[in-house]
Amino acid sequence: MKVITPLSEDQNVDYANSYTIFLAGGCTTAWRDEFARRLGELCKVENLVVFNPFCDSSKIKLKDLLCWERKHLLACKILVFNFEGSESPQPGSMFELGQYAFDKCKHDDHVLVNVDDKYKLKREVGIHVELMNERKSRFVPSIELFNSGFDEMVKRCANIICNDFNGVNYMHELVGRYRR
């Protein structure tokens, strides 16, 4: 697995032959590092690329960061949102949810949204997800909502990747780990 941030020297990604995930959401904890670590433990898949936009913002211009995010938000196969229980309403993440999530589903991509019970706008996120799921075709994946289910979201992401890679052996390994 390769993790790419806006400050990574190696920004090369073969989108046609890689499975790409973008980690969107709150920036108050190191949840992205934990997500990538656990996903790497569950998915032993080559060409897995995780885009983590969290970086030292003093080392990159805001416009460059937003352009980097937009490029990878549009190109990724799985879009993961984590709305943390913090004082911040996380307006950038709310914008990204509204701007990109529905479009991702129209292209047979996956969107996973976790909302912490303590997140101020939990109800609003739930309504947005519900409305987007009502508008989409029945032939594309749903936008999946997890309520304070970070662990379940990581497992679901691993499940999607393993199924898409026809990784029967990976799925057996995945199931075995969670029967403990």
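A: Rings of Phe, Tyr and Trp, the last by its six-membered ring, pair if their centres lie within 6.5 Å; planes under 30 degrees apart count as stacked, and planes over 60 as edge-to-face. By this rule, the count in this predicted model comes to eight aromatic pairs.

One of these is formed by tyrosine 15 and phenylalanine 51: the ring centres are 6.2 Å apart and the planes stand at 25°, so the pair is stacked. The pair joins distant parts of the chain, as its two members are 36 residues apart. Tyrosine 15 belongs to the loop between strand E1 (2–4) and strand E2 (19–25), while phenylalanine 51 belongs to strand E3 (residues 48–51). Tyrosine 15 has a relative accessible area of 30% and is therefore partly exposed, whereas phenylalanine 51, at 0%, is buried. Both residues are also members of one aromatic cluster, formed by Tyr15, Phe22, Phe51 and Trp68.

Another aromatic pair consists of phenylalanine 35 and phenylalanine 150, which are edge-to-face, with 6.0 Å from centre to centre and 75° between the planes. This pair too links distant parts of the chain: phenylalanine 35 lies in helix H1 and phenylalanine 150 in helix H5, 115 residues apart. Both phenylalanine 35 and phenylalanine 150 are buried.

The axes of H1 (residues 31–42) and H5 (residues 150–164) come within 10 Å and cross at roughly 45°. Because of that angle, H1 is oblique to H5. The crossing of H1 and H5 is right-handed. On the H1 side, the residues in contact are Trp31, Glu34, Phe35, Arg38, Leu39 and Leu42. They meet Phe150, Asp151, Met153, Val154, Lys155, Cys157, Ala158 and Ile161 in H5. Sorted by class, this contact has 10 nonpolar residues, four charged residues and no polar ones.

Between H1 and E3, the elements that hold phenylalanine 35 and phenylalanine 51, runs a loop that contains asparagine 47. Asparagine 47 has a positive phi of about 65°, although it is not a glycine. With a relative accessible area of 44%, asparagine 47 is partly exposed. Glutamine 90, likewise not a glycine, has a positive phi of about 55°. Glutamine 90 is placed in the loop between strand E4 (78–83) and helix H3 (91–106), and its relative accessible area of 6% makes it buried.

Definitions and conventions
Residues are numbered from 1 along each chain as its sequence is written. This is a predicted model: local features need pLDDT of at least 70, side-chain atom pairs count only at pLDDT 80 or more; totals for chains, interfaces and linings use all residues. Side-chain values use heavy atoms; hydrogens and water are left out. Axes are lines fitted to C-alpha atoms, for helices over the stretch in contact, and angles run from 0 to 180 degrees between N-to-C directions. Helices (H or I, at least four residues) and strands (E, at least two) are DSSP runs, numbered from the N terminus. Angles under 35 degrees count as roughly parallel, over 145 as roughly antiparallel, 65 to 115 as roughly perpendicular and the rest as oblique. A crossing is left-handed if the near helix is turned anticlockwise from the far one by less than a right angle, and right-handed if clockwise. Contact means heavy atoms within 4.5 Å. Ala, Val, Leu, Ile, Met, Phe, Trp, Tyr, Cys and Pro count as nonpolar, Asp, Glu, Lys and Arg as charged, and the others, Gly among them, as polar. Buried means under 20% relative accessible area, exposed over 50%, partly exposed in between (1.4 Å probe, protein chains only).
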